[in-house]
Amino acid sequence: MYQQLLENKMSALSLKQLPQSASPVSQLQRWYMIVDGNQHRSDLCQLQPQFQASYMLSEALIPQLRLVAILIAAQRLGFDQPTPDIISEEADWFAARILVMGVRVFHLDITLIPMLKTANSRARSFAQKHNLPFTQAQMRMSLHASRPEQMLIIETQTQCKEDKGWIQNSQHFAHNLCLTEDTILAACNRP
């Protein structure tokens with residue numbers, strides 16, 4: 001009897017330690033995105049033809065990413081100095097992916113933690129300034145062992161039930177599943 005009381009007490013104690021208002025974790029969808037042309041290294045722009053995966057995207061077919069990356073980078077430019085040859089940097093592109101596509105998880109090498117921290121900071125700042133939604137992205141460590149270097153693995157809350165191939169996936173994502181150019185421009189033109 002004493003053992004039963006002790007077990008009941010332990011069970012009640014462990015239930016108290018659980019968060020009372022824990023919200024359910026949302027399901028994320030994994031995408032394989034070709035980052036063809038948005039990097040500063042031309043050697044990353046040649047996709048290996050043997051690589052195939054479900055739910056592939058092409059970053060070049062989602063023009064909102066380029067728009068937001070450049071707008072984020074432009075905030076650091078000063079009118080009192082010449083415009084540099086390269087305006088945007090890697091963190092600007094990751095910030096744009098966070099805002100435009102709603103990326104919640106990036107599969108990255110651990111050495112990119114500082115860059116992702118900068119990207120989250122820039123995305124948060126841009127979102128606050130322009131009243132856009134923002135959720136911080138996280139990193140899942142990845143060694144890039146089984147995929148080309150120019151392939152970025154991301155996870156979003158956006159759910160797509162049918163894989164239509166990388167061109168149609170990209171066009172569908174750009175038109176239906178992320179921030180539109182009109183929304184971005186309207187947010188940036190607000191006083």
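**Note on the predicted model**

1. Trp166 belongs to helix α5. The model is a predicted one. With a relative accessible area of 38%, Trp166 is partly exposed. Together with Leu61 and Ile167, Trp166 makes up a nonpolar patch on the surface, and the accessible area of the three is about 240 Å².

2. On the overall layout: the protein contains 6 helices and 5 strands. Read from the N terminus, their order is α-β-β-α-α-β-α-β-β-α-α. Of its 191 residues, 37% count as buried. Among contacts between residues at least 6 apart in sequence, 78% link residues at least 24 apart.

3. Which residues does Met101 contact, leaving aside its neighbours within four places in sequence? They are Met33, Leu57, Ile62, Leu65, Ala96, Ile154, Thr156, Thr158, Phe173 and Cys178. Met101 is also one of the buried residues of α3.

4. Helix α3 deserves a point of its own. Of its 12 residues, 11 are buried, so the helix is largely enclosed by the rest of the structure. The buried residues include Asp92 and Arg97 as well as Trp93, Phe94 and Ile98. The end C-alpha atoms of α3 are 16 Å apart, which agrees with the 16 Å that its 12 residues should span at 1.5 Å a residue. Just after the helix comes Gly102, with a positive phi of about 70°.

5. Helix α4 has 18 residues, and the distance from its first C-alpha to its last is 26 Å, close to the 26 Å expected at 1.5 Å a residue. Its buried residues are Met115, Leu116, Ala119, Asn120, Arg122, Ala123, Phe126, Ala127 and His130. These pack against α2, α3, β3, β4 (138–141) and α6.

6. Most residues other than glycine have a negative phi. Tyr55, which is not a glycine, has a positive phi of about 60°. Tyr55 sits in the loop between β1 and β2 (56–58), and at 19% relative accessibility it counts as buried. Asn131 follows α4 and has a positive phi near 55°. The loop between α4 and β4 holds Asn131, which is exposed, with a relative accessible area of 61%.

7. On charged pairs: the whole structure has 6 salt bridges. One of them joins the side chains of Glu89 and Arg122, at 2.8 Å from N to O. Glu89 is in the loop between α2 and α3 and Arg122 is in helix α4, so this pair ties together parts 33 residues apart in sequence. Glu89 is partly exposed, with a relative accessible area of 36%, whereas Arg122, at 18% relative accessibility, counts as buried.

8. Arg122 also forms a salt bridge with Asp92, with the closest N and O atoms 2.9 Å apart. Since Asp92 lies in helix α3 and Arg122 in helix α4, the pair ties together parts that are 30 residues apart in sequence. Is Asp92 buried or exposed? At 0% relative accessibility, Asp92 counts as buried.

9. A further salt bridge joins Glu155 and Arg140, whose closest N and O atoms are 2.5 Å apart. Glu155 is in strand β5 and Arg140 in strand β4, so the pair ties together parts 15 residues apart in sequence. Glu155 is buried, with a relative accessible area of 7%, while Arg140 counts as partly exposed at 40% relative accessibility. Elsewhere, salt bridges with shared partners join Arg76, Glu89, Asp92 and Arg122 into one network.

10. Ile87 is in the loop between α2 and α3 and, at 31% relative accessibility, counts as partly exposed. Leaving aside neighbours within four places in sequence, Ile87 is in contact with Ala73, Ala74, Arg76, Leu77 and Asp92.

Terms used
Residues are numbered from 1 along each chain as its sequence is written. This is a predicted model: local features need pLDDT of at least 70, side-chain atom pairs count only at pLDDT 80 or more; totals for chains, interfaces and linings use all residues. Side-chain values use heavy atoms; hydrogens and water are left out. Contact means heavy atoms within 4.5 Å. Helices (H or I, at least four residues) and strands (E, at least two) are DSSP runs, numbered from the N terminus. The expected span of a helix is 1.5 Å times one less than its number of residues. Buried means under 20% relative accessible area, exposed over 50%, partly exposed in between (1.4 Å probe, protein chains only). Patches are made of residues with over 30% relative accessible area and no salt bridge: like charges are joined within 9 Å, nonpolar side chains (Val, Leu, Ile, Met, Phe, Trp, Tyr) within 5 Å. Accessible areas come from the Shrake-Rupley method with a 1.4 Å probe; for residues, only the protein chains shown count as cover. A salt bridge is a side-chain nitrogen of Lys or Arg within 4 Å of a carboxyl oxygen of Asp or Glu.
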